[in-house]
Amino acid sequence: MSPELLAIQEILRINSSPAAKGAHQKFIPGISKIYGVRMPVINELARKYKDSSIDLTVELWKAGAMEEKILAAKLLGNMARKDPNLSIRNFRFFANHIGNWAVCDALGMQGLISIRKSHHKEIFELAKEYNRSEDFWQRRLSLVLVEWYTRIKKLHPQIKKLVAALEMDDEYYVKKAIIWINKNLEKGK
């Protein structure tokens, strides 16, 4: 383990609380490993470690706690501009181990944030790939990845194709993402 990971884990332990842990467990079913840390602490860690190496994001993701994965997604988003191809490769690795909606949404909305304008074609390719996945978290991710693009009318047809492919999906969290994206598309008209 790197000194950075150990330092982050110590900060997470110090800032954990039973109240935060209980709230996370109530609102985010499926959490298997959690510290119980509120988002302002994670955001502060993201600012503090924004210039760290891509290796730290992988270490955090592999460590496996919800907060570590959300922090990894945020850091990956900060770093993506420096090395988009490596960031997309790591994004793909992360997408294989999601586990709950909070991590899914953090990864989809933060993981490639700094390249969403310059690499929208690659992001849509990822979305198309995950749209057909057997893993329902990846199917949800396919829509979360393109949520930001609902602001761009010329991309609406591509987004609607992704939504249409999942309209008969039985998974609750995929259905919730469909509702979310459709509302955003309506706002963008």
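**Aromatic pairs and the core**

Guide: F136, W137, Y172 and Y173 form a cluster linked by ring pairs. Rings of Phe, Tyr and Trp (its six-membered ring) pair if their centres lie within 6.5 Å; planes under 30 degrees apart count as stacked, over 60 as edge-to-face and the rest as tilted. The model is predicted: local features need pLDDT of at least 70, side-chain atom pairs count only at pLDDT 80 or more, and totals for chains, interfaces and linings use all residues. Residues are numbered from 1 along each chain as its sequence is written, and side-chain values use heavy atoms, without hydrogens and water.

The rule gives eight aromatic pairs. One of them joins F91 and Y130: centres 6.5 Å apart, planes at 35°, so tilted. F91 sits in helix α6 (residues 84-95) and Y130 in helix α8 (residues 120-131), so the pair ties together parts 39 residues apart in sequence. Helices are DSSP runs (H or I, at least four residues), numbered from the N terminus. F91 is buried, at a relative accessible area of 0%. Y130 is buried too, at 2%. Buried means under 20% relative accessible area (1.4 Å probe, protein chains only).

Next, W137 and Y173. Their ring centres are 5.2 Å apart and their planes at 35°, so this pair is tilted. W137 lies in helix α9 (residues 136-144) and Y173 in helix α11 (residues 172-187), so parts 36 residues apart in sequence are tied together. Both W137 and Y173 are buried.

Now the core. The largest nonpolar core has 62 residues; F91, L107, L141 and L145 have the most contacts inside it. Such a core is a set of buried Ala, Val, Leu, Ile, Met, Phe, Trp, Tyr and Cys residues joined through side-chain atoms within 4.5 Å.

Note on methods:
Buried means under 20% relative accessible area, exposed over 50%, partly exposed in between (1.4 Å probe, protein chains only). Helices (H or I, at least four residues) and strands (E, at least two) are DSSP runs, numbered from the N terminus.
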